[in-house]
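Hi,

Here is the structure I said I would pass on. Have a look at it first, and then read on for what turned up.

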There are 2 protein chains.
Amino acid sequence: MNFFDVINNRRSVRRFTDTTVPDEVVQKALDAATKAPNSSNLQPWEFYWCKSPEKKVQLAEACLFQGTARTANHLIVAVSRIDTWERNRDLIMQKMQATEPLSKDLHNYYYKIIPSLYRQDPFGIFALGRFLIFNIMGLFKPIVRRPISKKDLFEVVTKTTALACQNFMLAITAQGYGSCPMEGFDEKRIKKILKLNSNAQVVMVIGVGAPAPGGIFGPQFRVDPNLVIHQL
Amino acid sequence: MNFFDVINNRRSVRRFTDTTVPDEVVQKALDAATKAPNSSNLQPWEFYWCKSPEKKVQLAEACLFQGTARTANHLIVAVSRIDTWERNRDLIMQKMQATEPLSKDLHNYYYKIIPSLYRQDPFGIFALGRFLIFNIMGLFKPIVRRPISKKDLFEVVTKTTALACQNFMLAITAQGYGSCPMEGFDEKRIKKILKLNSNAQVVMVIGVGAPAPGGIFGPQFRVDPNLVIHQL
């Protein structure tokens, strides 16, 4: 499908038919998801593809039984993590070094700067250190200001995971099916179903299926572009 | 361009040539951005398209003079806001009502549920109320758990804005140009250039241009999909 047709055809689908969406369609969309740009290429995302009918009912319940969740042929939970960066960094560095030696700058970036930004401790000592350094050095020259806290770090990984989710949803549309991202869910219950700890956050739950008649609510309403697009 | 070619061709471009990217290209990508799905259709995003050469230098400086920022033909700052939801809700409701009367459920959702989730006050009274209600009711039935705090609300609007940013970047690739999202920036300085207050957050700065030779750093390295895609 032509790219702009995909952009224009992607709509949030609130009710699906019982048509089966082949696994290959979801697989291809997941592959597209992982090709999204992401913070420092640390790929802090995870996608939980629900295959168990029992867990699917539990997930739909945790999504407050909304139509999308109840009728979806596939449910995928997108999760962001603040505890996979070291593992992923090491794996990516291995792959990079297999093609050419790591430059000094790159080594410094991944083994000094990244840990100094990402490292968290239970007492917030790293966070306090960052806060002081960023705000003192920032008086004299431009400097990154965040992540400071664990919450800031979650913002980084969740933002990046959202980029991947958008690739996923567009790739579903490109293959002739529909999707809907859900944020109305009980995160505590979903984390229990997925056995996730406090280093993970549920970014969104995405329902996939063939759109049922009336499954898309009317035309797409957007505010006047002049309200949100500004020239400097 | 075919959709999956766009997904595969989109790479982060760290250096651009001095080729001019026509305004229509950026405009079309901004239009694609605003077609992204977003939390409750409240469209809490803003895109600042830098046209002033003077401000462009200031922005590049605030982006720590990285190659993407220095050589970009266009710089777009994506911003998320926690203070435009009421305005946007009213505008969207007006548009919806022009086609058919608002259902009771929809009215309830937008005028009761949304304010109860989005409303913030300087003393955190709404946040405390939400925390108590969500955690007490959540003992008995599935319920949304967040947003509680202002930081949570920023997570919602920033996540949604990231979905739009991904549409934007793909749309630039689809038109034969390149982009790079930047998160290494001095948010305080950017907010000063853009005259933004504490209800706005800088989500990312996106550079746009024609990729220079060597502007894309080697092949795309991704971790083993089995590490990030799980079946339930």
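**What turned up**

B:P147 sits in the loop between α7 (125–137) and α8 of chain B. A cis peptide bond joins B:R146 to this proline, with omega about 5 degrees. Before you read much into that, keep in mind that the model is predicted. Chain A has a cis bond here too: the one from A:R146 to A:P147, with omega near 10 degrees. A:P147 lies in the loop between α7 (125–137) and α8 (150–174) of chain A.

**How the two chains go together**

The contact between them takes 73 residues from chain A and 73 residues from chain B. On the chain B side, the largest share comes from helix α8 (residues 150–174) of chain B, which gives 13 residues. By type, the chain B side that touches chain A divides into 38 nonpolar, 18 polar and 17 charged residues. And the copies meet through the same surface, because 100% of the interface residues of chain B are also interface residues in chain A.

Strand β1 (residues 45–50) of chain A and strand β5 (residues 229–231) of chain B run parallel and are joined by three bridges. In that pairing, A:Y48 stands opposite B:H230 of β5(B).

A:Y48 comes up again from another direction. Leaving aside neighbours within four places in sequence, A:L194 is in contact with A:Y48 and A:V77. A:L194 belongs to helix α9 (residues 187–194) of chain A. Is A:L194 buried, exposed or partly exposed? With 19 other C-beta atoms within 10 Å, A:L194 is partly exposed, as the cut-off for buried is 20 or more. A:L194 and A:K56 are 138 residues apart in sequence, yet 11 Å apart in space, C-alpha to C-alpha.

**Inside chain B**

The strand to look at is β2 (residues 74–81) of chain B. Eight of its eight residues are buried, so this strand is largely enclosed by the rest of the structure. In a regular strand the side chains alternate between the two faces of the sheet. Here B:H74, B:I76, B:A78 and B:S80 point one way from β2(B), while B:L75, B:V77, B:V79 and B:R81 point the other way, and all are buried. Note that the list takes in B:R81 and B:H74 along with residues such as B:V77 and B:I76.

Which strands does β2(B) pair with? One is strand β1 (residues 45–50) of chain B, antiparallel over six bridges. Another is strand β4 (residues 200–209) of chain B, also antiparallel, with eight bridges. B:L75 is a handy residue for tracing both pairings: B:C50 stands opposite B:L75, and the bridge partner of B:L75 in β4(B) is B:G207.

β2 and β4 of chain B also have a part in covering helix α9 (residues 187–194) of chain B. In α9(B), B:E187, B:R189 and B:I190 are buried. Seen down the axis of α9(B), the buried residues fall within an arc of 160 degrees, so they line one face of the helix. What covers them includes β2, β4 and α3 (53–62) of chain B. Just after this helix, B:K195 takes a positive phi of about 55 degrees.

A:F65 and B:S40 are worth a look side by side. A:F65 has a positive phi of about 55 degrees although it is not a glycine, and B:S40 likewise has a positive phi of about 55 degrees without being a glycine. Where are they? A:F65 is in the loop between α3 (53–62) and α4 (67–71) of chain A, and B:S40 is in the loop between α2 (23–33) and β1 of chain B. A:F65 is exposed, with 11 other C-beta atoms within 10 Å, whereas B:S40 is buried, with 20 other C-beta atoms within 10 Å.

Cheers

Conventions
Residues are numbered from 1 along each chain as its sequence is written. Chains are lettered from A and ligands numbered from 1 in the order in which they are written. This is a predicted model: local features need pLDDT of at least 70, side-chain atom pairs count only at pLDDT 80 or more; totals for chains, interfaces and linings use all residues. Two residues are in contact if their C-beta atoms, placed from the backbone, lie within 7 Å. Helices (H or I, at least four residues) and strands (E, at least two) are DSSP runs, numbered from the N terminus. A residue is buried if 20 or more other C-beta atoms lie within 10 Å of its own, exposed if 12 or fewer, and partly exposed in between; C-beta atoms are placed from the backbone. Ala, Val, Leu, Ile, Met, Phe, Trp, Tyr, Cys and Pro count as nonpolar, Asp, Glu, Lys and Arg as charged, and the others, Gly among them, as polar. Two strands pair if DSSP finds at least two bridges between them. The arc is that of the directions from the helix axis to the C-beta atoms.
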